[in-house]
Amino acid sequence: MNPTNYLYLSAILFSIGAVGVVVRKNAIVVFMCIELMLNAANLAFVTFAKINGNLEGQVMAFFTMVVAACEVVVGLAIIVTIFRSRRSASVDDASLLSR
Amino acid sequence: MTSENLIYLVALPLFSSALLMLLGRRADRWGHVFATLISASTFVIGAMEFFAMIDRPEASRAVTQKLFTWISVGTFNVDAGLVLDQLSIAFVLLITGVGTLIHIYSIAYMSHDRDRRRFFAYLNFFIAAMLLLVLGDSYLNLYVGWEGVGLASYLLIGFWNQQPEYATAAKKAFVANRAGDFGLSVAVMIAFANFGAVSFVGIEEKVDGASQTALTAMGLMLLLAAAGKSAQFPLQAWLGDAMAGPTPVSALIHAATMVTAGVYLITRSNFIFDNAPTAQLAVVMVGIITLLFGAVIGMAKDDIKKALAASTMSQIGYMIMASGFGPAGYAFAIMHLLTHGFFKAGLFLGAGSVMHGMNDEVNMRRYGGLARFMPITSITFGLGYLAIIGVPPFAGFYSKDKIIETAFNTGGLQGVLFGSAALLGAVITAFYMTRLMLMTFFGNKRWVSGAEPHESPFLMWAPMAVLALGSAASGYLLYSGKAIVKWLAPVVDRDHHEHAEFLPAIVVTTLAVVAVIIGVAVAFIKYRGELSESAPSDVSIFTRVTRRDLLQDDANEFLFMRPGQKLTQVLVKTDESVIDGAVRAVGSSVLGSARGMRKLQTGYVRNYALLILIGALVALLAALVVTI
């Protein structure tokens with residue numbers, strides 16, 4: 001199969017993720033969309049590795065996964081704490097900086 | 001010749017002054033005695049130096065002492081050095097002699113004052129500064145003493161500064177003196193720029209090749225300095241108010257010594273003035289204006305100290321005028337200065353003695369008939385009176401007569417004008433001094449109820465008696481055999497000019513005596529009978545103007561104070577609107593733009609995410625465009 005199709009899929013996934021981050025209010029959903037974008041990037045890395053026939057893209061994908069794991073831990077902790085203090089997971093409610 | 005002792009003349013009183021000020025109340029019991037002893041010891045040193053000087057041949061009479069190298073920049077060197085020559089020894093003896101007498105007088109006069117120790121500390125400081133002024137061997141050293149006496153004068157005029165008007169009088173004197181000091185500092189700069197030296201010897205060597213402009217400018221600046229310190233026109237207005245200080249201060253600083261520093265400055269700068277005829281003419285004019293100005297004010301004053309202050313101004317006018325006549329006049333200017341030091345100090349101490357006995361009353365309209373109650377004061381005062389109006393053979397006769405003679409001898413119409421002005425001054429002097437004498441010691445009693453006039457204690461009348469002796473005899477002693485002229489010739493008249501005689505001396509002397517008789521007679525007719533207790537109010541406009549000191553304060557206010565205030569107001573407005581305005585505009589524009597920019601920060605995470613996305617897309621597009 002033509003590897004370019006994987007790149008199209010990656011672009012579509014990334015766009016869905018990006019639109020999700022911008023339009024959705026629920027912090028969990030926003031978070032999931034970020035994960036989606038990261039994984040779209042991973043897919044692109046792996047595809048490029050396949051196209052170029054080397055391992056650099058694959059290694060990059062592993063790095064991304066590690067960073068994403070860390071990010072999930074910290075991010076979820078923040079979201080849970082915010083939810084506990086204000087009984088809401090809406091990202092628009094957390095806009096204290098503007099006041 | 002060098003000497004190691006000159007520094008003690010300055011250092012001893014300076015040390016004593018510092019000691020009395022640092023010890024504070026602990027020195028209250030003995031401070032006045034200590035200060036008087038120190039002052040007396042400077043007189044002893046001065047007298048020893050004087051006798052040593054007489055013993056030496058004329059060419060090597062001056063002694064110098066180098067203290068340390070003060071400024072050393074490239075080829076320009078200024079040493080802090082002292083010089084004692086025939087001119088400065090005359091001043092040293094006057095300052096320390098009269099100064100010591102006034103120290104003694106002050107012990108009694110200030111005995112009821114809580115701050116007597118502080119008073120003596122200031123007096124000693126004044127002695128030190130004044131001696132430095134006359135001993136300094138360069139204009140810079142002189143300047144230090146010049147400022148020092150200004151400070152001492154300020155401190156002592158405002159000695160009773162708990163009274164606001166006294167503090168104001170002190171400030172007025174200080175400000176007027178600053179105007180003069182400005183002249184001196186500019187003169188020093190001119191000397192440095194044109195001669196590359198500031199010492200008297202250094203400048204004198206280079207005077208011959210100097211441009212007329214530089215010499216005239218320096219002469220005029222020195223004249224400005226002299227006018228400030230010596231209360232000469234147009235900086236004369238402070239002297240009357242300076243009488244706010246205790247009477248011994250008026251006697252020592254504002255009659256005998258400090259105010260004559262201007263005459264010293266001009267005489268010391270003879271090498272400048274002798275080569276700058278324009279400046280010399282200005283000196284004579286200032287002298288004549290002031291001698292008439294002071295005398296006219298003196299006619300209308302009812303305050304005994306202010307009348308004497310006006311008289312001081314007028315007498316210094318004589319000295320300044322004489323010093324403007326060049327080598328012919330310097331010796332007589334100094335002679336009048338010395339005799340004036342005796343009789344004016346004596347008159348002021350006499351006035352202080354009268355005030356002491358009359359509960360500090362200064363208004364002569366409330367005196368009268370005091371001769372019987374204060375016999376010693378009236379006799380010593382009377383001797384000073386005879387000296388100042390110039391009755392032969394008292395001191396003032398010799399010195400003033402010689403000045404009038406020199407004025408006539410300048411020759412031509414100019415000489416007649418100068419001489420007539422000096423004669424007119426002599427008439428007015430005789431008038432106002434006779435008026436003062438009659439109002440104080442003779443006539444009807446116009447005392448304030450409760451006044452019990454009594455003779456002053458021994459410590460007060462003894463100095464007065466010594467000064468009265470000086471007033472009687474100093475003129476003859478100084479002039480017999482032309483002693484002072486020959487003595488000062490090496491300093492002020494090196495070329496031994498022959499001075500032409502325009503009028504025979506005997507004619508001038510007769511004229512001077514006639515002038516005195518006219519003045520005394522007019523005053524006698526006018527102030528002989530009963531006088532009222534307050535000044536008559538139905539008087540001519542001339543009298544009223546004279547009572548207002550010939551509008552000297554009004555003129556200063558109109559010419560300097562009001563425009564100065566206006567200028568300040570304009571500057572404040574400019575500062576507030578232009579400078580502060582610019583600063584405020586910068587602040588508010590930053591604030592305004594920040595207020596606009598702040599809107600960008602909504603605080604919504606999704607907004608930021610969108611912006612990041614847009615930014616990333618733009619960057620991507622840009623990268624694409626660049627690669628294609």
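The legends below describe close-up views of a predicted model.

View 1. The buried residues run from B:T247, B:P248 and B:V249 through B:S250, B:A251, B:L252 and B:I253 to B:H254, B:A255 and B:A256. Among the elements of chain B that cover them are α3 (86–109), α4 (116–135), α5 (139–157) and α9 (238–241). The cover also includes α14 (304–323) and α15 (327–357).

**View 2. The largest nonpolar core.** This core has 202 residues, and B:L131 and B:A345 have the most contacts inside it. Helix α15(B) gives the largest share of the core, 17 residues. Leaving aside residues up to four places away in sequence, B:A345 touches B:A251, B:L252, B:A255 and B:A256, as well as B:V98, B:I102 and B:L467. Another core, of seven residues, lies apart from the largest one; A:A18, A:V21, A:F31 and A:V91 are among its members.

**View 3. Helix α17 of chain B and the residue that follows.** Helix α17(B), residues 395–409, has 15 residues. From first C-alpha to last, α17(B) reaches 22 Å, close to the 21 Å expected at 1.5 Å a residue. Of its 15 residues, 15 are buried, so α17(B) is largely enclosed by the rest of the structure. After α17(B) comes B:G411, with a positive phi near 90°.

**View 4. The hairpin of β1 and β2 in chain B.** Strands β1(B), residues 63–73, and β2(B), residues 76–84, run antiparallel and are joined by nine bridges. B:L84 in β2(B) stands opposite B:V63. Two residues lie between the strands of this hairpin, in which B:G74 has a positive phi near 60°.

**View 5. The contact of chain A with chain B.** Chain A contributes 11 residues to the contact and chain B contributes nine. On the side of chain B that touches chain A, five residues are nonpolar, three are polar and one is charged.

**View 6. Helix α1 of chain A against helix α24 of chain B.** Helix α1(A), residues 4–23, packs with helix α24(B), residues 605–627, at an angle of about 145°. The axes of α1(A) and α24(B) are 8 Å apart. From α1(A), the residues A:A18, A:V21 and A:V22 meet B:R606, B:A609, B:L610 and B:L613 of α24(B). By class, this contact has six nonpolar residues, one charged residue and no polar ones.

Notes: Residues numbered from 1 in each chain as written. Chains lettered and ligands numbered in written order. Predicted model: local features only at pLDDT ≥ 70, side-chain atom pairs only at ≥ 80, totals over all residues. Buried ≥ 20, exposed ≤ 12 C-beta atoms within 10 Å, placed from the backbone. Helix = DSSP H or I, 4+ residues; strand = E, 2+ residues; numbered from the N terminus. Contact = placed C-beta atoms within 7 Å. Expected span 1.5 Å × (residues − 1). Core = buried A, V, L, I, M, F, W, Y, C linked by C-beta atoms within 7 Å. Nonpolar A, V, L, I, M, F, W, Y, C, P; charged D, E, K, R; others polar. Pairing = 2+ DSSP bridges. Axes fitted to C-alpha atoms, helices over the stretch in contact; angles between N-to-C directions.
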